[in-house]
Amino acid sequence: MGLDILFKIAGVGILVSVFHTALKQAGKEDMAHLCTLAGFTVVLLWVVQLLGKLFNTVQDVFKLF
Amino acid sequence: MWLKLIGSILVFLVSSYIGFQMASRCQARPRHLRQIISCLGSLRSYIIYAYLPLHEAVSRCTNGIDGPVTVFFQNVATMLEKEALLTPEEIIKRVLSEMQGILMLKSPEIEVLHVLGGNLGVMNSKEQEKYISLVIEQLERFENEATRLRDLNTKMYRYLGICGGMAIVIILI
């Protein structure tokens, strides 16, 4: 896995904050919120996959089920 | 590795280009409106004080202005001179539809120009002056609105272009 996923998430966070500021300055608050939500969803998709992996590992380590 | 890098740079460049293009389109609209207003101002003078025929007045009103607005008025003048069967309204409609992507006007401005075409050359000069003044007033209102939108949106389009490219690269890599 490595650290790249963390850097990716950080990058998306920074970009989403820039998007939010730019859209808010242009008076498009609703689009800004939508954009933040989209960024959050993308990051959540990555994190959910990692969490799935983590649970699988836990199952394997403790021989659950 | 190299392929990824080159692909990322291409995606970034293309999305930045799109952003800057949108920003320049945003900047072009108030400029075109301002030029149309100044052309209509001189058209009004040519009609009231110089009593020129319509095609000549339209052709001369673009003096000192260049760009798509000049092309629009010159096309209208040429068609007024050559197509005797068409009314000014039909000519303006036709030229506007020909120049749809070049002249950055939205539907309210286009509607106002159609109204102008409907009233050009069918009344005496005093009535025409009234109509042209009315059209100029309306266009000035649109220009103020377009300037406000330009100030708001130009920066936003640039930021969105650049950051959108970066976001696509980060998500795809």
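This is a predicted model: local features need pLDDT of at least 70, side-chain atom pairs count only at pLDDT 80 or more; totals for chains, interfaces and linings use all residues.
Colleague: At what angle do helix α4 and helix α5 of chain B pack, and how far apart are their axes?

Modeller: Helix α4 (residues 88–98) and helix α5 (residues 107–119) of chain B pack at about 150°, and their axes are 7 Å apart. α4(B) and α5(B) are therefore roughly antiparallel to each other. The crossing in which α4(B) passes α5(B) is right-handed.

Colleague: Which residues make the contact between α4(B) and α5(B)?

Modeller: From α4(B) the contributors are Pro88(B), Glu89(B), Ile91(B), Ile92(B), Lys93(B) and Leu96(B), and from α5(B) they are Ile110(B), Leu113(B), His114(B), Gly117(B) and Gly118(B). By class, the residues of this contact divide into 6 nonpolar, 3 polar and 2 charged.

Colleague: How many helices and how many strands does chain B contain?

Modeller: Chain B has 6 helices and 0 strands. Read from the N terminus, its elements run α-α-α-α-α-α. Among contacts in chain B with a separation of 6 or more, 69% join residues 24 or more positions apart.

Colleague: How is the size of an interface expressed, and how many residues of chain B are in contact with chain A?

Modeller: Interface size is often given as the accessible area lost when the parts come together. Counted by residues here, 11 of chain B are in contact with 12 of chain A. The side of chain B that touches chain A comprises 9 nonpolar, 1 polar and 1 charged residue.

Colleague: Where do helix α1 of chain A and helix α6 of chain B stand relative to one another?

Modeller: The axes of α1 (residues 4–25) of chain A and α6 (residues 125–172) of chain B come within 10 Å and cross at roughly 165°. α1(A) and α6(B) are therefore roughly antiparallel to each other, and their crossing is left-handed. Residues of α1(A), including Leu15(A), Val18(A) and Phe19(A), meet residues of α6(B), including Tyr159(B), Leu160(B) and Met166(B). The contact of α1(A) with α6(B) has 13 nonpolar, 2 polar and 2 charged residues.

Definitions and conventions. Residues are numbered from 1 along each chain as its sequence is written. Chains are lettered from A and ligands numbered from 1 in the order in which they are written. Axes are lines fitted to C-alpha atoms, for helices over the stretch in contact, and angles run from 0 to 180 degrees between N-to-C directions. Helices (H or I, at least four residues) and strands (E, at least two) are DSSP runs, numbered from the N terminus. Angles under 35 degrees count as roughly parallel, over 145 as roughly antiparallel, 65 to 115 as roughly perpendicular and the rest as oblique. A crossing is left-handed if the near helix is turned anticlockwise from the far one by less than a right angle, and right-handed if clockwise. Two residues are in contact if their C-beta atoms, placed from the backbone, lie within 7 Å. Ala, Val, Leu, Ile, Met, Phe, Trp, Tyr, Cys and Pro count as nonpolar, Asp, Glu, Lys and Arg as charged, and the others, Gly among them, as polar.
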